[in-house]
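Trainee: I have a model open and I'd like to learn how to read it. Can we go through some features together?

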Amino acid sequence: MITIDNNCFSIPQICESGQCFRLDAVSENTYELIAGSRYLKIGLQPGEHGEREVAQTGSAGAQPQDRTILYCTAEEYETFWKEYFDLSVSYSDYIERIDSRDVYLQSAAAFGSGIRILRQDTWEMIITFILSQQNNIPRIKGLIRTLSERYGKRRETPDGKVYYTFPGAEELSQATEEELRELKLGYRSRYICQTAKMIAGGEIDLDALKEMEYMEARTELMRLSGIGGKVADCICLFALHQMDAFPVDTHIKKVLELHYPGGFPFERYKGCAGVMQQYIFYYDLRYR
């Protein structure tokens with residue numbers, strides 16, 4: 001069991017930030033996360049003024065002053081979860097880089113200050129964000145759960161909790177478009193079939209993607225069926241940890257038009273533009 005004093009780290013905010021779809025609340029202070037073949041139980045330990053205590057900003061979205069409990073061994077934490085949650089990085093440094101005159105981004109960062117960019121599996125993010133197109137978070141979660149139960153492997157935790165791993169490219173390459181349509185994946189079924197076959201056949205090297213610069217990786221991802229610029233940016237940010245990736249969906253587009261008519265100041269946020277994107281996305285989704 002690992003206890004973390006929260007510093008720009010909020011599991012509830014990460015859960016609702018639109019980057020991870022296998023992180024779920026199972027009770028008021030308990031979450032569960034499946035990452036590839038791994039399962040993690042997470043507990044929230046309220047601060048001295050209670051779970052809903054907020055920072056001095058007074059923002060309803062500010063993270064509670066509490067601690068997070070990861071129910072894993074020290075070895076699991078050091079070898080996997082610490083990097084997965086990007087806990088070696090100071091996100092307060094990112095927040096300090098925000099222009100004091102940019103009232104909107106200052107407010108967004110205060111509201112979502114507990115968000116971090118997770119380091120998720122590339123293959124899982126490819127399929128996840130193909131499924132995310134013209135979809136909402138609850139339905140995306142349901143489709144991923146259905147895919148995993150049908151094509152993933154059944155696992156059981158030491159205390160008897162049953163979960164399913166995310167299916168690999170080889171497993172999904174064996175699925176037919178008709179089978180996937182039966183699972184309610186709709187038009188995305190064709191994209192997933194074609195993409196799985198490309199990956200399983202070695203047309204795209206997932207390991208090589210990790211060594212590429214942002215724009216090179218983005219271009220390579222767009223060779224896959226059903227992946228355009230926005231989806232490629234999501235994969236670059238949430239899997240490859242390309243922090244200059246800045247996915248633009250309808251939420252972000254609306255904010256850019258309203259608050260940044262002259263263009264977003266990407267040069268100022270070089271190396272952390274993706275973090276700013278998440279603050280904006282979460283703020284617009286949860287507060288506006």
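Trainee: How accessible is threonine 73?

Mentor: Go by relative accessible area: under 20% is buried, over 50% is exposed, and in between is partly exposed, with a 1.4 Å probe and protein chains only. Threonine 73 comes out at 41%, so it counts as partly exposed. Before you go on, note that this is a predicted model, where local features need pLDDT of at least 70 and side-chain atom pairs count only at pLDDT 80 or more, while totals for chains, interfaces and linings use all residues. Residues are numbered from 1 along each chain as its sequence is written, and side-chain values use heavy atoms, leaving out hydrogens and water.

Trainee: Where does threonine 73 lie?

Mentor: Helices (H or I, at least four residues) and strands (E, at least two) are DSSP runs, numbered from the N terminus. Threonine 73 is in the loop between strand 5 (67–71) and helix 2 (74–84). Count through the chain and you get 14 helices and seven strands.

Trainee: And isoleucine 127, is that buried or exposed?

Mentor: Buried, at 0% relative accessibility. Isoleucine 127 belongs to helix 5 (residues 122–131).

Trainee: What does isoleucine 127 touch?

Mentor: A contact means heavy atoms within 4.5 Å. Leaving aside residues up to four places away in sequence, isoleucine 127 touches Leu147, Phe166, Leu172 and Ile192. For the chain, take contacts between residues at least 6 apart in sequence: 68% of them join residues at least 24 apart.

Trainee: How many disulfides are there?

Mentor: You look for a pair of cysteine sulfur atoms within 2.5 Å. A search of the whole structure finds zero. Take cysteine 20: its nearest cysteine sulfur, in cysteine 15, is 7.5 Å away. Cysteine 20 is also buried, at 3% relative accessible area.

Trainee: What about the radius of gyration of the chain?

Mentor: It's taken over C-alpha atoms, and the globule rule is 2.2 Å times the number of residues to the power 0.38. With 288 residues, a compact globule would be near 19 Å, and the chain has 19 Å, which agrees. Along its principal axes, the C-alpha trace spans about 55 × 50 × 30 Å. Buried residues make up 53% of the 288.
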